[in-house]
Amino acid sequence: MQKITILIHCEDQKTIIASVTNYIGSIDGNITYLDQHVDPEENVFFMRLECEFENAKWDLEKIKINFEIEIAQRFNMSWEIYTQEYKPRMALFVSKYEHCLYDILGRYSAGELAIEIPLIISNHDDLRPIADRFNIPFHHVPFNKEIKQEGEQRQIALLQEYQVNFIVLARYMQIITPNLIGLYKNKIINIHHSFLPAFPGAKPYHSAFKRGVKIIGATSHYVTDELDEGPIIAQDITRVTHSHSIEDFIIKGKDVERSVLAKAIQLHAERKTMVYNNKTIIFT
């Protein structure tokens with residue numbers, strides 16, 4: 001049984017859905033999921049479709065070629081097709097914070113994330129024991145302003161060596177270089193607290209505590225050249241009161257960071273995200 005996922009976006013036009021579904025029927029496919037969205041301001045159509053079929057003559061490459069000729073060219077579509085069984089290869093970038101790393105590796109070990117993790121890259125050596133515990137290769141790549149170019153070259157070489165499909169910054173405390181962003185456009189996921197821009201700096205929870213905030217949040221997004229302004233994938237909040245201490249704020253902040261980052265990874269790995277004009281379409 002062949003199972004595939006199709007992602008489509010193009011100018012909104014008549015008969016798109018009918019044409020795509022009729023095509024799936026023509027290769028003896030059975031549609032198991034379909035969702036679509038039209039952005040009326042941009043006049044852009046988005047669709048995500050899952051289907052399965054048994055016809056042995058249709059392998060993935062034949063479907064891609066046929067789909068391009070029969071459907072995509074007619075509607076001038078941007079499109080992607082994936083087998084649902086394929087697990088993308090995800091690299092983890094970390095520094096010294098361990099809460100997101102532990103959470104991701106725990107979910108990965110439990111089979112909750114449909115991914116492979118071939119390596120972990122860090123600008124410090126502190127978290128190597130965690131990688132060793134989960135039997136994942138750990139690479140210490142020093143990175144700062146003085147050796148940025150050397151660090152970038154080593155990062156890219158490792159990503160290519162391990163055939164990485166996307167990157168997750170699990171509290172990686174360095175700015176990703178434009179060259180790396182260009183190689184992995186809309187394929188680098190970051191997580192940070194949602195106090196920005198109100199409470200910037202090294203101790204945002206302390207600043208928020210002093211102002212008496214009532215909500216702590218986290219935002220996960222794709223990385224772009226504009227720092228922390230990429231397309232948002234997932235967000236969530238937890239509430240706090242005057243009775244909570246700064247330590248409570250930090251603990252609650254870590255909890256929401258863990259869950260939001262895991263959700264973003266899951267959505268990306270299951271091909272439920274599409275990016276258009278610095279905005280995400282999220283299919284659930």
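**Entry 1: the largest pocket**

I began with the lining of the largest pocket, to which α6 (178–183), β9 (188–193), α7 (204–211) and α8 (246–269) each supply at least two residues. The model is predicted, so I note that local features need pLDDT of at least 70 and side-chain atom pairs count only at pLDDT 80 or more, while totals for chains, interfaces and linings use all residues. Residues are numbered from 1 along each chain as its sequence is written, and side-chain values use heavy atoms, with hydrogens and water left out.

For the element names I use DSSP runs numbered from the N terminus: helices are H or I with at least four residues, strands are E with at least two. A pocket here is an open set of points on a 1 Å grid over the protein atoms alone, where a 1.4 Å probe fits, with protein on both sides within 12 Å along at least five of seven lines; lining residues have an atom within 4 Å of a point.

I looked up the space in the largest pocket and found about 830 Å³. A volume is the space filled by probe spheres set on the points, which are joined across faces, edges and corners. The lining of the largest pocket has 34 residues, and Arg171, Met173, His192, His193 and Asp228 lie nearest its centre. I sorted this lining into 17 nonpolar, ten polar and seven charged residues. In this sorting Ala, Val, Leu, Ile, Met, Phe, Trp, Tyr, Cys and Pro are nonpolar, Asp, Glu, Lys and Arg are charged, and the others, Gly among them, are polar.

**Entry 2: the second largest pocket**

For the second largest pocket I read a volume of about 620 Å³. Its lining has 24 residues, of which Leu7, Glu80, Tyr82, Lys187 and His268 lie nearest the centre. At least two lining residues come from each of β1 (2–11), α2 (60–75), β4 (78–83), α8 and β12 (273–276). I noted that β4 gives the most, with six residues. The classes in this lining are twelve nonpolar, seven polar and five charged.

**Entry 3: α8 and its partners**

I then turned to helix packing. α3 (residues 99–109) packs with α8 at an angle of about 45°, and their axes are 9 Å apart. Axes are lines fitted to C-alpha atoms, for helices over the stretch in contact, and angles run from 0 to 180 degrees between N-to-C directions. α3 and α8 are therefore oblique to each other; angles under 35 degrees count as roughly parallel, over 145 as roughly antiparallel, 65 to 115 as roughly perpendicular and the rest as oblique. On the α3 side I listed His99, Cys100, Asp103, Ile104 and Arg107 as making the contact, where contact means heavy atoms within 4.5 Å. The residues of this contact of α3 with α8 are five nonpolar, two polar and five charged.

α7 packs with α8 at about 120°, with the axes 9 Å apart. That angle makes α7 oblique to α8. From α7 the contact takes Tyr205, His206, Ala208 and Phe209, and from α8 it takes residues including Ile246, Phe249 and Gly253. I counted by class six nonpolar, two polar and two charged residues in the contact of α7 with α8.

**Entry 4: α1 and α2**

Last, I looked up α1 (residues 16–26) and α2, which pack at about 160° with axes 11 Å apart. These two helices are therefore roughly antiparallel to each other. Ile16, Ser19, Val20 and Tyr23 of α1 make the contact with α2 residues, among them Ile63, Phe67 and Phe75. The contact of α1 with α2 has seven nonpolar, two polar and two charged residues.
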